[in-house]
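User: Let's go through this model by question and answer. Keep it brisk, please.

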Amino acid sequence: MRRLQQTLTHWVLPALALAALVAAAKPVVVRAHDAEPLAIVVNRSNPMSEISLADLRRLYRGQRNRWSNGRRVTLVMRDPGTPEREAILQTLYGVDEDEYRRGFLQAVFTGEANGAPRVLATPNGVLRFVFNVPGAIGYVRASEVDASVKTLRVDGHLPGEAGYRLEVPEQ
Amino acid sequence: MRDSEPALGAQPPEPPEAPLDLLMRLAEAPAADATARPGHRASEDEHADHEEHAHDGLRSADEKASGDDPDAPFAPQFKIHLFADMKYAAVDTLGSRNGFSLGQFDLFGRSDLSDAMSVIAEATLTALPRNTFSAHLERLLLTYSPTDVFAASVGRYHTGIGYYNTAYHHGTWFQTATGRPLMYNIDGDIGVIPIHTLGVSTTGAVPSGSLGLHYLAEVGSGRAGQASAAAATQPALNDNNTLSLNGALWIRPDAIDGLQLGVSVYHDRLTFADTSKALDDETIAAAHIIYKTDVLELMTEGMVMRHDPRGAVAATDSHGYYAQASRRFGSVRPYARMDYLDIPRTDPLFAFLGRRFGPSVGVRYDFQPLAALKLQTSHLNQTTRPNMNRFDAQVSFMF
């Protein structure tokens, strides 16, 4: 009995605690079965047609501030609490809302980021903004994209194609 | 690869509006409404639909200022953020007093002057033990950043030595712990490393694919040797004609999101008020490994600071490092840090510090998105003073 207790306290419990810590440290990836692709949209005058997920992360984290044509990047985000924004926070930032806010404030504070993203309430607002601002980049559900903007391939895939990694749960 | 689709503005314009209609619409429309399509007359529902919200409370420049709206008149906007902290500290050393104290009041502002030029300014008011305040212009930087690979700043800035000194400035709200590591500690304007420099700083991303290589090169006035043993950066007059040089490289590899590895080397020549002392070459080499994710924060840095008097006296090597780990559980983040700083007794600047090291453990509770309570207990072994235990309760916030 005493040996069992020793084994429990010396090995099993610490191992469980460590396993729980490691498991909890992994980012939670929600892969909803009923998910819709999230399209990354830019102004039609933007020379880019595709982008890697890594570069998209750099853009959205404020680590890259210029397009290849030298134009300044203007980030567009949806309102806090929207599924689209949460999908972007999870996929591109790997953080929740509070950590995202703190991270961006710090990036502005250190001078790394030029400024915080524009926050728009609706997909129409995003499309209009991207249409009007040549350096803008935003995201909407693939079904909401219209001809006023250009959809970027991400890692060589368009929304809906196999291997496309940006998804948002169905409404 | 250039896109061949029609460019913006290629649509045929609608017939011109009647002057009265146009005036009414302009009066109702928000300024710089980039969400409205040219020539498109939005309905009331659509206006509500694309209502623009605040930029997470931290928008620093709108598209007019940044030049994204080429037709808009230029109008710089200075965005201000304030940081502050207050704390209760209990220290067990003889003669010390326990009590509440104001920390630092930090005024930070940023403005875009054009698409590629911006200004950062940061001033602090710090409460001193003598119940007075000291005021410092911590940063004043004019930055020109035409591309991602090159940005040049001129002014007063945090020296790019290691990681912590540029990642965390004076707003304690950003920092996990109540204060900076020993090797980066600032007492007023005094630090073991030259915390600030006045000069020119250039930085940028080196095209390196998935490696994420960045560089930094700085030339400045360096620290003043004449004013005091560990004096501040020189805001107006240099001690000598030798400028400080600093170079740094760091990588953020795509393979491990949140990882940053870097090195930096700093060099300056110090001139002492005591003319019997020889000129002193100061070299500081630092390296860091940082891993930060949503929940985990693992940081470790080390530095060697060599003071090499030009003469018969032997050079001294001081060492410092810290290791900090924290993990977030919702709004609560427990953390631990080990600090170490060892200054030889023959060091011309910091011999009075001696060797000091010890652990700190604490917990940070973000009770509001922009406000945090930190409880921290620390033990410090010191060779030049009695060992010390202390407890700090700090509230830090931004607004």
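User: Which residue follows α2(A) with a positive phi?

Analyst: This is a predicted model. After α2(A) comes a residue whose phi is positive, near 80 degrees. That residue is A:Gly62.

User: How many of the eight residues of α2(A) are buried?

Analyst: Buried here means under 20% relative accessible area. A:Leu53, A:Ala54, A:Leu56, A:Arg58, A:Leu59 and A:Tyr60 of α2(A) are buried. The helix is mostly covered, and the count of buried residues is six.

User: Is α2(A) roughly parallel or roughly perpendicular to α3(A)?

Analyst: Two packed helices are described by the angle between their axes and the distance between the axes. The axes of α2(A), residues 53-60, and α3(A) come within 9 Å and cross at roughly 110 degrees. That makes α2(A), relative to α3(A), roughly perpendicular.

User: Which residues of α3(A) make the contact with α2(A)?

Analyst: From α2(A), the contact uses A:Leu53, A:Leu56, A:Arg57 and A:Tyr60. By class, the residues of this contact divide into five nonpolar, one polar and one charged. On the α3(A) side they are A:Thr91, A:Leu92 and A:Tyr93.

User: At what angle do α3(A) and α4(A) pack?

Analyst: Helix α3(A) covers residues 83-93, and α4(A) covers residues 97-110. Their axes are 10 Å apart. The crossing is left-handed. The angle is about 60 degrees.

User: Which residues of α4(A) meet α3(A)?

Analyst: α3(A) brings A:Arg85, A:Leu89 and A:Tyr93 to the contact. The classes are four nonpolar, no polar and two charged residues. The partners in α4(A) are A:Glu97, A:Tyr100 and A:Phe104.

User: Is B:Pro129 buried or exposed?

Analyst: B:Pro129 is in the loop between β5 (117-127) and β6 (133-144) of chain B. The cut-off for exposed is over 50% relative accessible area. At 81% relative accessibility, B:Pro129 therefore counts as exposed.

User: Which element of chain A has the lowest mean pLDDT?

Analyst: Chain A has a mean pLDDT of 82, and 80% of its residues reach 70 or more. Among its elements, strand β6 (residues 150-151) has the highest mean, 96. The lowest mean, 51, belongs to helix α1(A), residues 2-25.

User: Where in chain A does pLDDT stay under 50?

Analyst: Where pLDDT is low, the predicted coordinates should not be read in detail. The model has 13 contacts beyond four places in sequence for the stretch in question. In chain A, pLDDT stays under 50 over residues 16-32.

Terms used:
Residues are numbered from 1 along each chain as its sequence is written. Chains are lettered from A and ligands numbered from 1 in the order in which they are written. This is a predicted model: local features need pLDDT of at least 70, side-chain atom pairs count only at pLDDT 80 or more; totals for chains, interfaces and linings use all residues. Side-chain values use heavy atoms; hydrogens and water are left out. Axes are lines fitted to C-alpha atoms, for helices over the stretch in contact, and angles run from 0 to 180 degrees between N-to-C directions. Helices (H or I, at least four residues) and strands (E, at least two) are DSSP runs, numbered from the N terminus. A crossing is left-handed if the near helix is turned anticlockwise from the far one by less than a right angle, and right-handed if clockwise. Contact means heavy atoms within 4.5 Å. Ala, Val, Leu, Ile, Met, Phe, Trp, Tyr, Cys and Pro count as nonpolar, Asp, Glu, Lys and Arg as charged, and the others, Gly among them, as polar. pLDDT is the predictor's confidence in each residue, from 0 to 100. Angles under 35 degrees count as roughly parallel, over 145 as roughly antiparallel, 65 to 115 as roughly perpendicular and the rest as oblique. Buried means under 20% relative accessible area, exposed over 50%, partly exposed in between (1.4 Å probe, protein chains only).
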